[in-house]
Amino acid sequence: TKKSIKANRGREHLIIYDTDSFPAKGEGTILEPIVDALIVTPPEYVDEIERLCNQCRATEINYNNVDSLTKIIAKIPLNEIISTSFYEQLMAITSGRASFHYEPAEYAPSDIVKICLLLNKAPCEQLSLICHTTKCRQLARDLCLKVKDNIPRQIMQVDIQATVDARVIARETKKALKKDVVAKVKSGRDELRKMKLIREQIEGKKKLKAINSVMVPKELFRKVLEVGK
C-alpha cells in the first residue's frame with residue numbers, strides 16, 4: 001500500500017508521497033489518510049488490542065460481541081498500520097487467532113512533521129522521515145542511532161543530527177578513523193617530518209569536512225525504513 005498525505009494551501013490540494021515535497025511549516029494544513037479498521041478476536045485479547053490501537057493513535061473505538069467473538073471497530077491513521085507493522089503485532093498478541101481488515105475512510109487534519117537528517121550539517125534527504133509529532137523525538141533518536149551504527153568510520157568525524165523545523169531534537173557522533181601517519185618515520189629525532197605529516201592530515205580532514213564528503217552505504221537506506229517498527 002502506498003502511503004500519502006495531503007497538504008491544503010488555500011484551495012490547492014497537494015498529494016505528498018515523499019519527504020522532498022513536504023511543505024514548510026505554516027504552508028497550509030496537513031491531512032493524513034484514515035482507515036476504518038475491523039478486528040475480530042476472542043474476547044480475552046481485547047485489553048491488549050486496545051492498548052495497541054491507542055499506541056497507533058486510534059479513535060472512535062467501539063466493541064460488539066458476536067457469539068463467542070468480539071468485533072473491534074476503530075479509525076486508525078494508515079501510516080500507523082504500515083509503519084508500525086500493526087498486523088504483525090496483532091497476530092503476535094492473539095497468537096494468530098484474530099482477523100484484521102481495513103478500508104479507506106477519509107483524510108483528517110493531523111500534526112505531521114518532517115524529520116530532516118543532517119550529516120556534518122549537510123541535509124541527506126534520502127534518510128529523512130515523515131511522522132506524527134507525538135513520535136518524532138523517539139524516531140529521531142532511533143534514526144540517528146541507526147545511521148551511526150551503519151555508516152563506516154571515516155577519516156573525519158561525522159556529526160549526525162535530526163531536526164524538525166530547523167531545531168535539533170537528536171544527535172549522535174561517529175568518531176573519526178585514526179591513522180598513525182608518523183608510523184613510517186623511523187627516527188625519533190625527525191620531529192619536523194612528524195609535525196609536517198600531522199599538519200597535512202589535519203588539513204586533509206578540514207577539506208573533506210568542507211565538502212561534506214560522507215560515505216553512506218546503500219544498505220543504510222533500506223535499514224532506515226525499519227526505524228519505528
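**Reading helix 1 and the cysteines**

Reader: Where in the chain is confidence lowest, and where is it highest?

Author: Strand 1 (residues 5-9) is lowest, at a mean of 62, and strand 5 is highest, at 96. That score is pLDDT, the predictor's confidence in each residue, from 0 to 100. Where it is low, the predicted coordinates should not be read in detail. Over the chain, the mean pLDDT is 83, and 77% of residues reach 70 or more. This is a predicted model, so local features need pLDDT of at least 70, side-chain atom pairs count only at 80 or more, and totals for chains, interfaces and linings use all residues. Numbering runs from 1 along each chain as its sequence is written, and side-chain values use heavy atoms, leaving out hydrogens and water.

Reader: Which residues of helix 1 are buried?

Author: Buried means under 20% relative accessible area, exposed over 50%, and partly exposed in between (1.4 Å probe, protein chains only). In helix 1 (residues 46-55), V46, I49, L52 and C53 are buried. They cover an arc of only 120° around the axis, so they sit on the same side of helix 1. D47 and Q55, on the other side, are exposed.

Reader: How many disulfides turn up?

Author: A disulfide is a covalent bond between the sulfur atoms of two cysteines; here the cut-off is a pair of cysteine sulfur atoms within 2.5 Å. Searching the whole structure gives 0. For C131, the closest cysteine sulfur is in C136, 5.4 Å away, too far for a bond. C131 is also buried, at 4% relative accessible area, and C144 is buried at 0%.

Key. Helices (H or I, at least four residues) and strands (E, at least two) are DSSP runs, numbered from the N terminus. The arc is that of the directions from the helix axis to the C-beta atoms.
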